[in-house]
Number of protein chains: 2
Amino acid sequence: MRIGEVAERAGVSVRSLRYYEEQGLLTSSRSPSGQRHFAEDAVERVQLLQRLYVAGLSSRTIAELLPCVDSPSDANSDAAFERMIQERDRLSVHIDELLHARDTLDRVIAANRDHRREMARAGAGAVPA
Amino acid sequence: MRIGEVAERAGVSVRSLRYYEEQGLLTSSRSPSGQRHFAEDAVERVQLLQRLYVAGLSSRTIAELLPCVDSPSDANSDAAFERMIQERDRLSVHIDELLHARDTLDRVIAANRDHRREMARAGAGAVPA
DNA sequence: CTAGAACCTGACGCTGACGTCAGAGGCGAG
DNA sequence: CTCGCCTCTGACGTCAGCGTCAGGTTCTAG
């Protein structure tokens, strides 16, 4: 597949794909004329990358963890494995923070809804234009 | 309270507080010499801001929602209220994405752990140095 | 009165994941 | 052959939430 097709299938920009390759997160072969050629599983790969980005991992961090993902049987340094667990924990903490934040929003929303209902009742016949 | 004390109590930098004020998220009175003076509840306010930032809201978005938070009884445009609900939904979606991402990480971690255990057993007496 | 901490206003720097523009090839259809 | 679309490599632009330095004023302890 050429880069445009991968981009469309994975739902990302062509620019992003080139960036991922540049960061060592994605590999491609080249045609004699220099055009990139991607394997079928590149689409899945890109979607995995997207999920890791969403998780708040940086390109560099992802690059460190990918060997672990690609060949779990290898002797891919304990460091990478530890790092992955560490990132998982960081993510858990972040999720908790977001849940907290959502609670806060919910409380504000509830307070508003109450006041709105009151206002609606009080003003029903008060300002009849 | 002066700015330094607020910063310390809220656990943020002085620079951040000035930035918040600049963005209209925080108010202060000024002493004749021009120094900022904050009320007691400024600390709480800052912590609220922090939570909203964590939730992924931008300064501008927060600025739009704050009237709603501060005076829920006011006629603070329905738009602001709608916006708040919209942001809550966005946050929920994001949380789901993060949970998904964590699952992905967990699967990778589990796969690695398995392979590691196998390796440990196979290699136990194989490379005794 | 004076040293030093805390405060002030600009204003530039930084980071990361791309967007975007420029200029120059490829490549299939008609 | 050529028109139009895709691709290539640089390389600069962006945005946001601050960090940080500069140069100057103000407050406070001794």
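The model is predicted, so local features need pLDDT of at least 70 and side-chain atom pairs count only at pLDDT 80 or more, while totals for chains, interfaces and linings use all residues. Residues are numbered from 1 along each chain as its sequence is written, with chains lettered from A and ligands numbered from 1 in the order in which they are written.

Chain A holds five helices and two strands (DSSP runs of H or I, at least four residues, and of E, at least two, numbered from the N terminus), arranged as α-α-β-β-α-α-α along the sequence. Its radius of gyration, taken over C-alpha atoms, comes to 24 Å, well over the 14 Å from the globule rule for 129 residues, so chain A is more spread out than a compact globule (the rule being 2.2 Å times the number of residues to the power 0.38). The C-alpha trace spans about 80 × 40 × 20 Å along its principal axes.

Turning to the pair, a 180° rotation with 0.0 Å of shift along its axis puts chain A on chain B at an RMSD of 0.2 Å, which is the relation of a two-fold axis. The superposition is by least squares on C-alpha atoms of residues with pLDDT of at least 70 in both copies. In chain A, A:Ile95 comes closest to that axis, its C-alpha lying at 3.3 Å.

As for DNA strand D, 19 residues surround it, the closest being A:Gly4, A:Arg36, B:Ser13, B:Ser16 and B:Ser59 (near means a C-beta atom, placed from the backbone, within 6 Å). Helix H1 (3-10) and helix H2 (14-22) of chain A, together with helix H2 (14-22) of chain B, each give two or more residues to this surface.
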